[in-house]
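This briefing is intended for a reader new to the structure. Please keep the sequence and the 3D view at hand while reading.

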Amino acid sequence: MELDKNQVYIGVGENIGLNLSASDNYEEVLGVPFSKTDFNWSSSNEEIALVDSEGNVQGLTDRIYKHICKT
């Protein structure tokens, strides 16, 4: 699994969407397709950014956010 953004800058009130991609045989190995909602998206600091269940990030302060995909 790979996250499409490793580090981005978003300002207060701005939003970005995160996406995951898988190797070509991911679905073949698991036997089922996957979607963004199959993963637990979260923010390590909800004073800086909020993340919804579909990987959409909302900036609450002007900072650099690092996104790490844990598989």
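In this predicted model, Gly17 has Asn56 as its bridge partner in S6. Strand S6 covers residues 56–59 and is joined to S3 by 3 bridges, the two strands running antiparallel.

**Sheet and pairing**
- The sheet is open and has 3 strands in the order S3-S6-S5, with antiparallel pairing.
- Strands S3 (15–17) and S5 (49–51) stand at the edges with a single partner strand each, so one side of each has no neighbour in the sheet.
- From one strand to the next, the twist averages 20°.
- Ile16 lies opposite Val57 in S6.
- S5 and S6 also run antiparallel and are joined by 3 bridges; Leu50 has Gln58 as its bridge partner in S6.
- The hairpin of S5 and S6 has 4 residues between the strands, and Gly55 takes a positive phi near 80° there.

**Faces of S6**
- In a regular strand, side chains alternate between the two faces of the sheet.

**Nonpolar core**
- Nonpolar side chains tend to be buried together in soluble globular proteins.
- The largest nonpolar core has 11 residues, among them Ile16, Val57, Ala49 and Trp41.
- Leaving aside residues up to four places away in sequence, Trp41 touches residues including Leu3, Leu18 and Leu20, which also belong to this core.

Terms used
Residues are numbered from 1 along each chain as its sequence is written. This is a predicted model: local features need pLDDT of at least 70, side-chain atom pairs count only at pLDDT 80 or more; totals for chains, interfaces and linings use all residues. Side-chain values use heavy atoms; hydrogens and water are left out. Two strands pair if DSSP finds at least two bridges between them. Axes are lines fitted to C-alpha atoms, for helices over the stretch in contact, and angles run from 0 to 180 degrees between N-to-C directions. A nonpolar core is a set of buried Ala, Val, Leu, Ile, Met, Phe, Trp, Tyr and Cys residues joined through side-chain atoms within 4.5 Å. Buried means under 20% relative accessible area, exposed over 50%, partly exposed in between (1.4 Å probe, protein chains only). Contact means heavy atoms within 4.5 Å.
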